[in-house]
Amino acid sequence: MPEDIQADHRAFIRRQTRPLPVPSLPSITLFQADEVTPLWLMTEADMARDHLTPPFWAFAWSGGQALGRYVLENPHIVRGKRVLDIASGSGLVGIAAVQAGAASVLCNDIDPYAEAAVALNAEQNGVCLAFTGRDLLDGGVPEVDVILAGDICYEKGMTDAMLSYFRRAAGHNIDVYIGDPHRSYFPTSGLSKLADYDILTNADIEDAAVKPASVWKLET
């Protein structure tokens with residue numbers, strides 16, 4: 001992305017959010033929105049023009065918090081390994097992976113604002129994160145050892161595409177871990193549950209201030 005556009009996106013994020021500890025992972029600080037509606041309205045024009053998704057990068061979603069927490073509690077799953085944080089949003093899970101000792105972390109999100117958010121949040125937490133905005137789902141599997149995915153099951157089409165990609169990755173001996181707060185489209189078949197959490201979250205973006213969420217591993 002051109003540097004001037006990236007700078008504009010960073011400036012926008014700094015105006016509309018502020019650094020706050022992640023509710024269930026207070027060792028991590030993210031640029032987060034205090035309120036949902038103003039930011040959604042501010043980005044509406046950009047979304048309509050560029051066919052962008054809503055600003056998921058501005059919040060610490062419960063599935064991502066659960067997965068990040070699991071990674072920090074079980075650092076052996078990423079220590080010394082190459083990690084892909086797919087649909088990364090804010091980069092929360094990727095930051096947790098670096099803190100847990102990952103050799104490298106590549107964050108991926110097709111929202112161009114997410115690239116700026118990941119860069120700001122990486123700097124805020126003193127970690128190094130690479131980023132790609134390519135749509136990976138139709139391409140080859142990157143050269144990584146672990147894929148981490150938090151909150152990917154908002155829509156059926158997206159869920160199906162992600163799971164198909166994950167199965168291809170598993171065929172390349174890549175471990176896949178998913179964090180999800182029991183959303184409607186999340187399938188439990190072919191997955192092993194690893195942990196359950198009660199996640200503190202923003203009641204404006206979820207249906208409760210405390211949200212149950214689980215971490216799963218794709219079976220191979």
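Trainee: Why is Cys107 called buried?

Mentor: Buried means a relative accessible area under 20%, exposed means over 50%, and partly exposed lies in between (1.4 Å probe, protein chains only). Cys107 has a relative accessible area of 0%, so Cys107 is buried. Please note that this is a predicted model, in which local features need pLDDT of at least 70 and side-chain atom pairs count only at pLDDT 80 or more, while totals for chains, interfaces and linings use all residues. Residues are numbered from 1 along each chain as its sequence is written, and side-chain values use heavy atoms, with hydrogens and water left out.

Trainee: What makes Cys153 buried?

Mentor: The relative accessible area of Cys153 is 3%, and Cys153 is therefore buried.

Trainee: How do you know that the structure holds zero disulfides?

Mentor: A disulfide is a pair of cysteine sulfur atoms within 2.5 Å. For the sulfur of Cys107, the closest cysteine sulfur is in Cys128, 10 Å away, which is too far for a bond. For the sulfur of Cys153, the closest is in Cys107, at 19 Å, again too far for a bond. The count for the structure is zero.

Trainee: Why is the pair of Phe56 and Trp61 called edge-to-face?

Mentor: Rings of Phe, Tyr and Trp (for Trp, its six-membered ring) pair if their centres lie within 6.5 Å; planes under 30 degrees apart count as stacked, over 60 as edge-to-face and the rest as tilted. By this rule there are six aromatic pairs. In one of them, the ring centres of Phe56 and Trp61 are 5.6 Å apart and the planes stand at 65°, so the pair is edge-to-face. Phe56 is partly exposed because its relative accessible area is 30%, whereas Trp61 is buried at 11%.

Trainee: Why is the pair of Trp57 and Tyr113 called stacked?

Mentor: The centres of these two rings, in Trp57 and Tyr113, are 6.0 Å apart and their planes are at 15°, so the pair is stacked. The pair links distant parts of the chain, 56 residues apart: Trp57 lies in the loop between α2 (36-50) and α3 (62-73), and Tyr113 lies in helix α5. Trp57 is buried with a relative accessible area of 2%, and Tyr113 is buried with 8%. Together with Phe12, Trp57 and Tyr113 form one aromatic cluster.

Trainee: How do you know that the reach of helix α5 is close to the expected 20 Å?

Mentor: Helices (H or I, at least four residues) and strands (E, at least two) are DSSP runs, numbered from the N terminus. The expected span of a helix is 1.5 Å times one less than its number of residues. Helix α5 (residues 112-125) has 14 residues and reaches 21 Å from its first C-alpha to its last, close to the expected 20 Å. After α5 comes Gly126, which has a positive phi, near 65°. Buried residues of α5 include Tyr113, Ala117 and Asn121.

Trainee: What makes helix α4 mostly covered?

Mentor: Six of the eight residues of α4 (residues 92-99) are buried, among them Leu92, Val93 and Ile95. Gly101, with a positive phi near 105°, follows α4.

Trainee: How do you know that strands β1 and β2 pair?

Mentor: Two strands pair if DSSP finds at least two bridges between them. Strand β1 (residues 18-22) and strand β2 (residues 25-32) have five bridges and run in the antiparallel sense. Arg18 has Gln32 of β2 as its bridge partner, and Pro21 stands opposite Thr29 in β2. β2 is mostly covered, with six of its eight residues buried.

Trainee: What makes β5 and β8 stand at the edges?

Mentor: The sheet is open and has seven strands in the order β5-β4-β3-β6-β7-β9-β8, with mixed pairing. β5 (130-132) and β8 (191-200) each have a single partner strand, so one side of each is left without a neighbour in the sheet. From one strand to the next, the twist averages 20°.

Trainee: How many bridges join strand β3 to strand β6?

Mentor: Four bridges join β3 (residues 82-86) to β6 (residues 146-150), and these strands run parallel. Leu84 stands opposite Ile147 in β6.

How values were computed
Axes are lines fitted to C-alpha atoms, for helices over the stretch in contact, and angles run from 0 to 180 degrees between N-to-C directions.
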